[in-house]
Amino acid sequence: MNQSESRNIQRRLLFEPSQYQVIRNESQKGPLWWRAFGFPAKIDDKGEFQRIEGFISCLKCKNTQIHNKSSGTKRYKEHADKCYPIINETVISSSSSSSSSSSSIDLTSSSSSIDLTSSSSSITISSSPSSDVSIQPTLHQMGFIKPTKVSEKDVKKVKDLSVQWVCGNIRPFSVLSDEGFRHLAQECVRLGSLYGMFDINDVLRCDKTISRHVVTFADAEREKLKELLSIPLQQHSLTICPDFWTDPYRKISYSGITIIMVDDKCNFNSIDLFCKPFEYKTKSAENVSLLNCLNFLGIDSLSDVNIVCDRGSNFVCAFENFEPLFCYGHRLNNIVKITFFQNKSKKKHFKKSDSTNTIDTSQLALLKVEDDNHNETQESSTEDSEVSTDNDCDNDMTLLVAKKTKKPIKKSTSSKNDSLAQIKITIDQIPSSAKHVLRTLNKCKKIVKYVKQAGINNDIKEEDGITLHQSCIVRWLSMSNLLESISTSFKATKRLLLSRNQYSLVSDLDLPTIKQLVLVLKPLKHVTSLVQTGNSPSLHMVLLCNLSLKHALSSHQSLLDYVDKHCNSKSNTLHNNEIEENEDYELEGIKWFRERFLILIDELFCLDVRHYCATLLNPKYKLLKFCTKDERTRCHEYIRQQLKILTDAGTTAKSYKTPSEPQQKVFKTADTIFACFEDDYSNDEVQNDLQDSPYESDEYEFNTVQFDELDRYLILNIDKVSLTNNPLDFWRNHTMQFPLLSKLAKRVFSIPATSCGVERQFSSAGLIVNQRRTNINPEHIQDILFIRSLQKLK
């Protein structure tokens, strides 16, 4: 990039406006000179303007300059002051009774309409008839800041004070760039312009005062939250995710709840409701219902909300009458642990079998339940021990939503016997090649443990390797990261271990086994990261991820294709090297574990009807073309049953009128993991299927078969280009067309696929209760997290 390219872009912006335009920088953060600049963009084949990387252009004169990480900002500031010399800030309120405080001021003038906008306020000068009283405020009263040249001496003094503060109090350098700190400093500058020189202690209060104000502020926000949750609570589009956490310093046990809601405008929001000390000594089923913690929001019964949690025995018992959904991520984690025989618990409660040297997995599951009820310090899910207390061999996992009418799909007897045999198999019964894989896995964990204890990670990095990552038995994503780091740094690590005479750690350790272990775990890592989204609906992904996992694990070639298509570039490079070395050959031990993993996914994870319902209510996959006819029939029955409940509850179906389609923003459709599941049926095919349907509409009193909302939705011709990855965008635009289905969609999509929201809350709590803040009042933690989550909503 050079100056000739920037001048060429500038000419095109000036003389070819239909093909080239300047698009604004939508980021709310950044220096003030961005008020004058945007990004040059060129129209593409789809009629959308795509940014030209490496340049920025003036919004007014189209002056184009090179912009990258090494660019200085002095010329940007000078140009911004030239084209946009006045920047308005927060309007200063006058103490006199004749003035009023406002962030938006309309001034009557005969001039044309002018709109000046900054990050803090908006001031509009518009043309309107003259009023009887003419008021002409000064620029100072309006909050304008004229460009000021601060002397180098004063700038140096501020820098010196910043250095003294950061170094003297051991603060991170990033604190100076913190948005909250800069807002606070800017407010002090504004007060200084209003009152002149004053003592900062007259404005800034002490730590105890602010600590008390946190409680007052949080209580006021909770009162506002009641109104915010009233409509989602009435529509049952509110989900709670409960869990427990113990801080690592004072060992105080906390109960936390994150709420996920979809409001009347189909907006998806997540709020950290509370994280407060658990008041009971034991986490039994009677003590974990947490209903008394929700009464202040107007929640009188847990049947008024949806529930997502892990399968801890206490949660299962506490919520068995309220139809909870269990965390998909926890379940996948437990299935992988069983696959690789890593689900051992305390051995002292057990007697080993004479013929085996391992514990049967069904006994292990029973032991977990006993340990949870008996050990007071055991958590159902914590930061240090995030393991779900799932009954890993309980095959009857499906929680039926309509218990009298809904039945799980039965599997063939032979298939079920094969699955049970895989579950109960012990290490002595597996082939020798599979035992070699287990030895390699355990040896990798020992290597990482030794590297950490010996402190040679830096030596590995100096040998062109990367830091070896530790793993936790309850987080198999970390195990995948451990294997990847060893695979990348294999030569450097082996060389260093041999130099330290650690022959036992590197003997019988082969790189192909490690690489193929990484390959098997890649799909798991990928789908888990997909469903852990916290800012958009995710329940519809569970069915799609399950099918994708099964397809990826069905054969070695499918596994290679999946990793090559969906995983990141680094993984692709690793994978391509693997193909060259092994020529598509799959090791026998890896093949055994891949097939075992596939069987256990099919056996130990049974989908709830709400998973199918959520997928159907996503317009991209509404026909469920990848499901059996029996599964589609059950899903349709459930949806019609829910529509009838909504109708009986007082919601009358409005007469259908074809509304004018709102103008929708066009989004680019990416080639994603779920593209193969998207609908491709024509309307004629769908109508033929519906004609064979035995269902009659629940919206009509006469017996003639009619198309109800579900039928109309299924035959609706939808432009895929107009669809986004968030299914709520579709229902926001089609609420009038499908009034009952849209209510059901809001209810279903308020249910997340995982309980990652409350896990993130505990991670944030771990940042609050750190080594320097061990004496913080436990009651303040929930207020801090609550205010923080509300700030994200804004």
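Of the 794 residues in this chain, 45% count as buried, where buried means under 20% relative accessible area, exposed over 50% and partly exposed in between, with a 1.4 Å probe and protein chains only. The model is a predicted one, in which local features need pLDDT of at least 70 and side-chain atom pairs count only at pLDDT 80 or more, while totals for chains, interfaces and linings use all residues. Residues are numbered from 1 along each chain as its sequence is written, and side-chain values use heavy atoms, with hydrogens and water left out.

The chain has 28 helices and 15 strands, taken as DSSP runs numbered from the N terminus (helices H or I, at least four residues; strands E, at least two). Among contacts in the chain with a separation of 6 or more, 68% are between residues 24 or more positions apart, a contact being heavy atoms within 4.5 Å.

The axes of H22 (residues 629-648) and H26 (residues 739-749) come within 10 Å and cross at roughly 110 degrees, the axes being lines fitted to C-alpha atoms, for helices over the stretch in contact, with angles running from 0 to 180 degrees between N-to-C directions. H22 is therefore roughly perpendicular to H26, a class that covers 65 to 115 degrees, whereas angles under 35 count as roughly parallel, over 145 as roughly antiparallel and the rest as oblique. Ile639, Gln642, Leu643, Leu646 and Thr647 of H22 meet Leu740, Leu741, Lys743, Leu744 and Arg747 of H26.

In helix H14 (residues 490-499), the buried residues include Phe490, Ala492, Thr493, Leu496 and Leu497. Asparagine 501, which follows H14, has a positive phi near 60 degrees.

Turning to the rings, a search of the whole structure finds 22 aromatic pairs; rings of Phe, Tyr and Trp (its six-membered ring) pair if their centres lie within 6.5 Å, and planes under 30 degrees apart count as stacked, over 60 as edge-to-face and the rest as tilted. Tryptophan 34 and phenylalanine 39 form a tilted pair, 5.3 Å centre to centre with 55 degrees between the planes. Tryptophan 34 is buried at a relative accessible area of 16%, and phenylalanine 39 is buried at 11%. Ring pairs link Trp33, Trp34, Phe37, Phe39 and Tyr76 into a cluster.

Lysine 283 lies over the face of phenylalanine 244, at 5.6 Å from the ring centre, and the charged end of lysine 622 sits over the ring of tyrosine 713, 5.5 Å from its centre. Such a placement requires NZ of Lys or CZ of Arg within 6 Å of the ring centre and within 35 degrees of the ring normal.
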